[in-house]
Amino acid sequence: MKRSTLASPLLKQSALAATLALGLGAAATAGAQEPTVNVVTDPSFVPFEMMDADTGEMIGFDMDMINEIAERAGFEVNLTTMEFNGIIPAVQTGSQEIAIAGITITEERAEIVDYSDPYYDSGLRIMVRADNDEVETLEDLEGMTIATKIGSTSYDFLQETFGEDTEITPYPGTSDMYMALLGRNVDAAFYDAPNVSYFAQTRGEGRTKVVGPLYEGQQYGIVFHQGSEWVEPVNQALAEMREDGTYDEIYEKWFGEAPSDD
């Protein structure tokens, strides 16, 4: 008896079902999307984050960092901006998952939010008008009026250093305090070193100068609400970026030279 070479209807149906299953599985994989994570930043902390007037998009060191980190850690960034003093509460309450805004790692903040590993070494600097020859160190500011930023570690540092002996004026944004300095409403501005230096070299060139040493050595960290699942993936991404040179490339793009090993 001659055996038929055609597959039975049952075999055909099984093969078709398997093919459809594979196709559906591939389509599901292709259509899978990375999770979207709410990320908040301060819109005016140059050169870490600032608005590009031409594109309307946020740019800066922190923006390049978080976009690279997100790609490596496997999430999409849903970016929101707000004044700095509202950022930690927004993450603490969970309305924002991650914050990156040149945020100094402090023991007090670490009690209510989680931090990534440090990603930037900073400190505090004094800036005065170019014609001011009276101020060389922090001690010279006693009895003067000093501008700084609301909710910043620089404000806390000034309060601890001078108490009520010096007029400390906190401003909501860095541009506000720098304009107050240029307008002679205050005698000096005291804030994070990279931001102070950037202003003195750009909009404040010829009109302002940075004086004195670096005060209160600090480190910036990315902030998460407590128990966030993204702390470990972000730290892994940061480690990879330092290892393969990507961190140095981003740093040099915004600060002109690679970070020192010291």
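**Arg 109: burial and position**

Arg 109 has a relative accessibility of 12% and therefore counts as buried (buried is under 20% relative accessible area, exposed over 50%, partly exposed in between, with a 1.4 Å probe and protein chains only). The model is predicted, local features need pLDDT of at least 70, side-chain atom pairs count only at pLDDT 80 or more, and totals for chains, interfaces and linings use all residues. Residues are numbered from 1 along each chain as its sequence is written, and side-chain values use heavy atoms, with hydrogens and water left out.

Arg 109 belongs to helix α4, residues 107-110 (helices are DSSP runs of H or I with at least four residues, strands runs of E with at least two, numbered from the N terminus).

**Surroundings of Arg 109**

Beyond neighbours within four places in sequence, Arg 109 is in contact with Phe 84, Ile 88, Ile 103, Thr 104, Tyr 115, Gly 151, Ser 152 and Thr 153 (contact means heavy atoms within 4.5 Å). The Arg 109 side chain reaches the backbone oxygen of Thr 104 at 2.9 Å. Between Arg 109 and Gln 92 the C-alpha to C-alpha distance is 9.7 Å, with 17 residues separating them in sequence.

**Nonpolar cores**

The largest nonpolar core holds 45 residues, and Phe 61, Met 65, Ile 98 and Tyr 119 have the most contacts inside it (a core is a set of buried Ala, Val, Leu, Ile, Met, Phe, Trp, Tyr and Cys residues joined through side-chain atoms within 4.5 Å). Its largest share, seven residues, comes from α2.

Leaving aside neighbours within four places in sequence, Met 65 is in contact with Ile 100, Tyr 119, Leu 238, Met 241, Tyr 247 and Ile 250. A second, separate core of 16 residues includes Leu 124, Ile 146, Phe 157 and Phe 190.

Notes: Polar contact = N/O pair within 3.5 Å; in protein donor to acceptor, adjacent residues only side chain to side chain.
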